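Let's take a friendly look at a protein model together. Have the sequence and the 3D view ready as you read.

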Amino acid sequence: MPHAEGVEPGSTIGTITSISVVEASDSKDLAWEFVKFVSGTEGAKIVAETGSFPAIMTDEAVNTIATMDGFPQDQQSKEALYTANIYLEMPVNEHTSELETVLNEAHDAIMTEALTIDEGIAEMNGQAAEILGSDKYVEPITQRKTDQPDCIFVYFA
């Protein structure tokens with residue numbers, strides 16, 4: 001998928017999958033060893049075998065994902081697994097959950113054609129401003145069409 005103008009190739013968005021040690025755990029040391037394991041190179045291989053992107057994208061993890069059934073077999077697709085920058089899809093904020101609901105609902109409405117893209121974007125902007133409060137500035141969500149007919153990027157400006 002092409003990058004927006006001015007965005008370094010290899011840039012992508014990502015989400016956080018939490019893994020932690022519960023304070024009430026009776027086995028904190030063992031739990032901490034598991035956290036280190038799953039977020040290390042051995043854990044990366046195991047996570048990649050599930051089709052998920054691990055915390056550390058090693059060559060072995062890339063090869064594991066790239067050889068899975070259904071993964072495109074061209075070199076460019078494999079190279080796309082190596083990233084230059086990863087930006088949080090949904091930056092952490094006290095209102096993240098509410099904002100994600102707004103985005104998901106508008107996305108669903110756009111994809112089912114209940115709203116046009118412009119209507120969905122306007123709805124997202126209005127609801128985000130309400131959630132964040134009128135005293136907060138909300139960067140409007142915008143869209144950019146690509147030269148590819150089935151691609152429309154919707155992103156926070």
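This is a predicted model: local features need pLDDT of at least 70, side-chain atom pairs count only at pLDDT 80 or more; totals for chains, interfaces and linings use all residues.

On its surface, five residues gather into a patch of negative charge: Glu-105, Asp-108, Asp-118, Glu-119 and Glu-123. Two elements each give two or more residues to this patch, namely helix 5 (96–111) and helix 6 (117–132). Helix 6 contributes the most, with three residues.

One of the patch members is Glu-123, and you can find Glu-123 in helix 6. Is Glu-123 exposed, partly exposed or buried? Its relative accessible area is 34%, so Glu-123 counts as partly exposed, a class that lies between the buried limit of under 20% and the exposed limit of over 50%.

Now move to the loop between helix 5 and helix 6, where Glu-113 lies. Glu-113 has a positive phi of about 65°, although this residue is not a glycine. With a relative accessible area of 72%, Glu-113 is exposed.

## A buried phenylalanine

Next, look for Phe-71 in the loop between helix 3 (59–66) and helix 4 (75–79). Why is Phe-71 called buried? Its relative accessible area is 19%, and buried means under 20%.

Which residues does Phe-71 touch, leaving aside those up to four places away in sequence? They are Ile-65, Ala-66, Ser-77, Lys-78 and Leu-81.

Note on methods: Residues are numbered from 1 along each chain as its sequence is written. Side-chain values use heavy atoms; hydrogens and water are left out. Patches are made of residues with over 30% relative accessible area and no salt bridge: like charges are joined within 9 Å, nonpolar side chains (Val, Leu, Ile, Met, Phe, Trp, Tyr) within 5 Å. Accessible areas come from the Shrake-Rupley method with a 1.4 Å probe; for residues, only the protein chains shown count as cover. A salt bridge is a side-chain nitrogen of Lys or Arg within 4 Å of a carboxyl oxygen of Asp or Glu. Lys and Arg count as positive and Asp and Glu as negative; His and the chain ends are not counted. The place of a charge is taken as NZ of Lys, CZ of Arg, CG of Asp or CD of Glu. Helices (H or I, at least four residues) and strands (E, at least two) are DSSP runs, numbered from the N terminus. Buried means under 20% relative accessible area, exposed over 50%, partly exposed in between (1.4 Å probe, protein chains only). Contact means heavy atoms within 4.5 Å.
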